[in-house]
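Good morning, and thank you for making time for this item. Please have the display in view as I speak.

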There are 2 protein chains.
Amino acid sequence: MTAPLRVGLLGVGTVGQGVLRVLARNRQEIERRAGRPVVVTHAAARDADKPRDCDLSAVRFSTDAQAVVEADCDVVVELIGGIEPARRLVLDALARGRAVVCANKALIAQHGNEIFAAARKAGALFGFEAAVAGGIPIIKVLREGLAANRIDQVTGIINGTSNYILTQMAARGQAFAEALAEAQRLGYAEADPRFDVEGIDAAHKLAILAAIAFGMPLRFDAVATEGISGVAPQDIQLARELGYRIKPLALAKRIARAPEAAVELRVHPTLVPAEHLLAKTDGALNAVRVHGDAVGQTVYVGRGAGAEATASAVIADLIDVARWQGADPRHHVPALGFHPQALQHPRVASLDEIESAYYLRLRVADTPGVLRAITSILAELEISVEAILQKEPREHEDATLAIITSVVNERRCDQARSKMQSLPFVREPVTRLRVEHFDV
Amino acid sequence: MTAPLRVGLLGVGTVGQGVLRVLARNRQEIERRAGRPVVVTHAAARDADKPRDCDLSAVRFSTDAQAVVEADCDVVVELIGGIEPARRLVLDALARGRAVVCANKALIAQHGNEIFAAARKAGALFGFEAAVAGGIPIIKVLREGLAANRIDQVTGIINGTSNYILTQMAARGQAFAEALAEAQRLGYAEADPRFDVEGIDAAHKLAILAAIAFGMPLRFDAVATEGISGVAPQDIQLARELGYRIKPLALAKRIARAPEAAVELRVHPTLVPAEHLLAKTDGALNAVRVHGDAVGQTVYVGRGAGAEATASAVIADLIDVARWQGADPRHHVPALGFHPQALQHPRVASLDEIESAYYLRLRVADTPGVLRAITSILAELEISVEAILQKEPREHEDATLAIITSVVNERRCDQARSKMQSLPFVREPVTRLRVEHFDV
């Protein structure tokens, strides 16, 4: 087993070039681990003539992705992104018995169930460490490192763009639009930022993490998402005064109280206690918190994107393939860590059903009885006030009121919000954000 | 491959009971992942009659460890600790072709090279995830998850007792002896705390981490250790004012500048920038920072000890064994992640050779010219002052001076210290602690 592992590379963009650079630079270190060289023999990209920051001299390089899939390689690395033709190419490679390594979270989140079945049928390995949290080996951690646990919760900052924007808003008091524009100037956000700031990218990743944590099929369709564009600088400031930071969280939770097995899958800006590690994860960093019944809380922090951090994950999968190639597929770690016949199918709870603590911000007229009217609404709905902050209004201005509630059903919280909204002295739509506390 | 994995357990103390409890409680979850049940069939402990918090009714339980090794099991779990008879039992089990899972960091740090060779010879798996950082799967992360990287540095808080004591000292202004006594009362420190507070336990773990990070043999003998008993509350306070926290760090570094390959292996209390995650890891938590050339900085945080956190790691290894048993040993991940013939033998640098920033604390008479004399010594030795803090003395008292130096050779720093010491107005031995800054 000392013949080189021959890699066919689909896509030679930022990450692809990173893979080629790291494979070249760490050639010796990787061979010391894999037991044999890992060599890109074929590659395809749409634009063959673009200048690239990597050495392609020993690679058969073309614009024909299909030819790479058909070439005499051991493993195909899919880095072209998007759904088609990526899906077709991956399925074709698997059907030919090739192992596949894939960084394409959208593809896996939406077509992973089909792809995993195809890999299983072919007895081929399918690695996707690079699809979530860049260089942090969170897939391997969940799938193998914490395999003894019943995982209760996975909570992460898994979209670096959103985290960068909220961090900048907090540091500089910038509005969302301003921070976004700057993130775009600096290359932290795409020209079309919707995938990132509306939570879709994080939802892709969360669907993958939840499937591995709970042993369930990928349910991207069922992830509730809410973007960060509704967060105002004022919310960040008030949250801070109440002891919180606002972070773009993705949350997967088992619901213990449900009569049948159910889980929550949601992505939204969230108030996190200031002293928690997730609150301290700033800029473009990613962090994932995993809570298991035996291990308790563990937290994993690192770069969630970037050419070489992502390449680190791609090549880790290639080294696994180099080690496992030729072994009876019965010895493979299943794609989701759970044996496919052992997958469960928990119901994904709707937001109406969830329970959470909430942050409410109201702009109210500076008249007597306001606080009484608002707290009466909460009391009638049996919602406790955990913290309250009223900012002294400037003369002739409205007052701002921020409330942290106890953990209550979301529908009930929204009832309270509607009632508050209908009070004559409540001036603007009431802002509502979720608050997350963590057990250790 | 659906027959149960039969486990023989050596040692049914805190961790052993945790293993039995978690295997029972998560029986279904573990079988969903491993593809077959994982069942303790045999166990041995010195005291068979001690009350235990786990169900032993289905286990053949005796006081005869050797009988467990000889029993018809697939894997032996060694949780008795110490060197002998643990070493003999582990080698015997491996020689019989049993897989072995082991949480015994002292045994691995001191006899790992011999044990890994024995496992290889027998084609048997040897898992030791539980030996370092409890439930944090740091061995798997380093060995597999970050395998694409040339690892430059591993820096960790890997002794919970020391971290707990320093955290208490910082929170309450307690002296070391006082914080230690309280930690003993609360069960965070042993009656004989030397292994923990003198850095020996951390050195065991560091030797293991370094071997996996760099692909070198275990060199516990070469780890330089310095305990935390020399840290005064005053140092914690001054460090804080200078923007640092004092943490019990274990450091493994490649030395880039050395003419030949060399590494540093050291355990000592260290000033860490207050904003770094390691500085924020308080109480009995563990945290490990890994820096690789591709991934950059990643950090892993969780419980470093405790029955079930350690059981989580033991059982993760058992699940690996359940998956891999019967596969050709060529497909196994090598014990250190590197193929044995690819291990390198870097020189371990002596403390005299290392370069670091330093914290110096001096008690000096409140007379003119003191600062000039001290800064002259530093200037003559070409040591820059990065930060300096002089506390206003109370009347008739001595002044306290704290200095953070630039990165310099340790021998040179100690020359400066000796020269300062010989100044007539320097009252007490000069305190010297190392300071660590981190690249991202």
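Let me begin with a term: two residues are in contact if their C-beta atoms, placed from the backbone, lie within 7 Å. Please also bear in mind that this is a predicted model.

I turn to the domains of chain A. The domain assignment gives domain 1 as 5-138 + 307-342, domain 2 as 145-303 and domain 3 as 354-435. In contact across the boundary between domain 2 and domain 3 of chain A are 12 residues of domain 2 and 11 residues of domain 3. On the domain 2 side, the elements of chain A giving two or more residues are helix 11 (233-241), strand 9 (244-254) and strand 10 (262-273). Of these, strand 10 of chain A gives the most, with 5 residues. By class, that side of domain 2 has 7 nonpolar, 2 polar and 3 charged residues. The centres of the two domains, taken over C-alpha atoms, are separated by 25 Å.

Next, the two chains. Here 53 residues of chain A are in contact with 53 residues of chain B. Which elements of chain A give two or more residues to the side that touches chain B? They are helix 2 (27-34), helix 6 (138-145), strand 12 (296-303) and helix 12 (307-324). Helix 12 of chain A gives the most, with 10 residues. This side of chain A has 25 nonpolar, 15 polar and 13 charged residues.

Finally, strand 12 of chain A runs antiparallel to strand 12 of chain B, and 3 bridges join them. Within this pairing, A:Val299 stands opposite B:Val301.

Note on methods:
Residues numbered from 1 in each chain as written. Chains lettered and ligands numbered in written order. Predicted model: local features only at pLDDT ≥ 70, side-chain atom pairs only at ≥ 80, totals over all residues. Helix = DSSP H or I, 4+ residues; strand = E, 2+ residues; numbered from the N terminus. Nonpolar A, V, L, I, M, F, W, Y, C, P; charged D, E, K, R; others polar. Pairing = 2+ DSSP bridges. Domains from an automatic or database assignment.
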